[in-house]
2 protein chains.
Amino acid sequence: MTLEAALKAASAELDRTLDALLPQPAGFHARVQEAMRYAIFAGGKRLRPFLVLECAGLFDAPRERALRVAAAIEALHTYSLVHDDLPAMDDDDLRRGRPTTHKRFDEATAILAGDALLTLAFEILADPATHPSGEVRARLVAELARAGGSEGMIGGQMMDIDAPNQAHGADEVIELQRRKTGALFEFSCRSGAVLAEAGDRDMAALTDYARDLGLAFQIGDDLIDATGDAGTAGKAVGKDEAQGKATLVSLYGVEGARREARRLAARAGEAVATYGEAAARLTALPYFLLDRQG
Amino acid sequence: MTLEAALKAASAELDRTLDALLPQPAGFHARVQEAMRYAIFAGGKRLRPFLVLECAGLFDAPRERALRVAAAIEALHTYSLVHDDLPAMDDDDLRRGRPTTHKRFDEATAILAGDALLTLAFEILADPATHPSGEVRARLVAELARAGGSEGMIGGQMMDIDAPNQAHGADEVIELQRRKTGALFEFSCRSGAVLAEAGDRDMAALTDYARDLGLAFQIGDDLIDATGDAGTAGKAVGKDEAQGKATLVSLYGVEGARREARRLAARAGEAVATYGEAAARLTALPYFLLDRQG
């Protein structure tokens, strides 16, 4: 199966899992559950779930378990988008061409739906259906909480909000990205190994892979913002420069950033070279994303 | 120790635990961690933590474990207050006489601080320091996620926001309160038994106790809103009637509601009568709260 076909197949499988795991809207509180579904079934790339499935596959972890972890990470990722889009944060009216959750519903419902998706992520991981071992389930919860918490994704979001007021150099930009997007990429890859109770060496290899992939992905995103047009990008561009935010593109220049992204893509592949053919799609993924990103 | 002294002692102990468990603000993302601390060290009653400690005490569960669970429930409760106070929700400028988190910081920081407190609650529960058994830790996570999720507290909050548009009768008001405040009371009491790996009969007794206590507490709160003055209540009153929300006070009348609260307080005590003297403070608690609430 080509990488693109594998991404599509995983996305369809994940959507069936999410449909089974998200509550069916009912009763006087149905509105928040409708908003949860609206937000999560919005046609995302499902990149983090794909990483869970591919990395779990390296160790032959049962797919139904990996799909539950993939659903949890997507629920958490979706909550972060719902809250980021709020007027008090990025104030976005559209995401992937349709109204953001607070525009389709209202702000209060969007805040609650985000809270509920975050909570659901942990409920899914802690359920015995995710893994027969309580130790493994508790470890997944602990790792996701650290990745998503104030030292991880939320800390990165806080740095990002404050970035226009800071004179960030490359070290700070890399720290920001590693928290904001890197931490969830790391969890996605590591969780596959946690599910299989793999050893420290596997854990370290997947962490290295995730770190390089995440930063390459972020540089690709920044390149779109710096050089793309809104039509092909599918979103507003030029926001970083308008807000005075330092990025690796503003620091390295467009060509320098492209070179750095390619270097990271290659190094990500080296990190998983030990898995041979089983890691072929993981090796191809960073290049695929950079090419799609332009 | 009197009930009041026990409440104070537990509150001081909890604050030391929270101080150790909350991240020390540092780095470019310090602001969100400052907001987490501002929100949680606001002088609350620490009622839910007290329930954890008292119920864990019935089974002689180690106090340092119970304190971690107590800290987790308080982190989750605090996040719900921070988000409820936001302009898009209840739009409150003051809580316990000082600026709400979004007034002291800003809306974006308050949203992120709430998200981070919710995430931290699960991180605390999943940590091996909470209990040596992964099964117990995963069960605590699962129970808290259900209590705080879209079928529990968040569902109740959604019902509450929508309440002025609904002609709720007593059944719906009770359902709303059971979700909005009752679910966390239930978790607080049950978690003490979960920590001690107690049996189904204990779990059922504490669930019954928590349910009656929670509803009695809520009626007390509604009585303040209906009959209190802002000075002694320490907050705005008359909000339910102004918003056209049905409460058990509007449905039963003031005297009827008082009688119902006393009946629930007595029944709560019966639920834990089997524990004898060890449950003396739990038995006294609902009356204590009703008397303080006026």
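The buried residues of α8(A) are covered from both chains: the cover includes α4 (63-84), α7 (134-148) and α9 (170-195) of chain A, together with α2 (30-40) and α6 (107-126) of chain B. The model described here is a predicted one. Helix α8 of chain A spans residues 153-162, and nine of its 10 residues are buried, so that the helix is mostly covered. The buried set consists of M153(A), I154(A), G155(A), G156(A), Q157(A), M158(A), M159(A), D160(A) and I161(A).

M159(A) lies in helix α8 of chain A, and it counts as buried because 24 other C-beta atoms lie within 10 Å, where 20 or more are needed. Once its neighbours within four places in sequence are left aside, M159(A) is in contact with L176(A) and R179(A) from its own chain and with F28(B) and H29(B) from chain B. M159(A) can also be placed relative to V173(A), which is 14 residues away along the chain; the two C-alpha atoms are separated by 9.3 Å.

The contact itself takes 46 residues from chain A and 46 residues from chain B. On the side of chain A that touches chain B, α2 (30-40), α6 (107-126), α7 and α8 each supply at least two residues. The largest share of that side comes from α6(A), with 12 residues. Sorted by class, the side of chain A that touches chain B has 23 nonpolar, 12 polar and 11 charged residues.

Two packed helices are described by the angle between their axes and the distance between the axes. For α8(A) and α6(B), the axes come within 10 Å and cross at roughly 170 degrees. The two helices are therefore roughly antiparallel to each other, since angles over 145 degrees count as such. From α8(A), the residues I154(A), Q157(A), M158(A) and I161(A) meet A108(B), L112(B), D115(B) and A116(B) of α6(B). By class, this contact of α8(A) with α6(B) has six nonpolar, one polar and one charged residues. An α-helix has 3.6 residues a turn, so residues three or four places apart point the same way.

Helix α6(A) packs with α8 (residues 153-162) of chain B at an angle of about 170 degrees, with the axes 10 Å apart. This pair, α6(A) and α8(B), is therefore also roughly antiparallel. Here A108(A), L112(A), D115(A) and A116(A) of α6(A) meet I154(B), Q157(B), M158(B) and I161(B) of α8(B). The residues of this contact divide into six nonpolar, one polar and one charged.

The largest nonpolar core has 191 residues, of which L117(A), A121(A), V141(A), L117(B), A121(B) and V141(B) touch the most other members. Not counting residues up to four places away in sequence, L117(B) touches M36(B), A39(B), I40(B), A75(B), T78(B) and Y79(B).

Some loop residues complete the picture. D60(A) is placed in the loop between α3 and α4 of chain A and has a phi near 55 degrees, a positive value in a residue other than glycine. With 9 C-beta neighbours inside 10 Å, D60(A) counts as exposed. The loop between α3 (47-58) and α4 of chain A also holds P62(A), which is exposed, with 12 other C-beta atoms within 10 Å. P62(A) and P132(A) are 70 residues apart in sequence, and their C-alpha atoms are 12 Å apart in space. In chain B, E197(B) lies in the loop between α9 (170-195) and α10 (200-227). Although E197(B) is not a glycine, its phi is positive, at about 50 degrees. E197(B) counts as partly exposed, with 14 C-beta neighbours inside 10 Å.

Note on methods: Residues are numbered from 1 along each chain as its sequence is written. Chains are lettered from A and ligands numbered from 1 in the order in which they are written. This is a predicted model: local features need pLDDT of at least 70, side-chain atom pairs count only at pLDDT 80 or more; totals for chains, interfaces and linings use all residues. Helices (H or I, at least four residues) and strands (E, at least two) are DSSP runs, numbered from the N terminus. Two residues are in contact if their C-beta atoms, placed from the backbone, lie within 7 Å. A nonpolar core is a set of buried Ala, Val, Leu, Ile, Met, Phe, Trp, Tyr and Cys residues joined through C-beta atoms within 7 Å. Ala, Val, Leu, Ile, Met, Phe, Trp, Tyr, Cys and Pro count as nonpolar, Asp, Glu, Lys and Arg as charged, and the others, Gly among them, as polar. Axes are lines fitted to C-alpha atoms, for helices over the stretch in contact, and angles run from 0 to 180 degrees between N-to-C directions. Angles under 35 degrees count as roughly parallel, over 145 as roughly antiparallel, 65 to 115 as roughly perpendicular and the rest as oblique.
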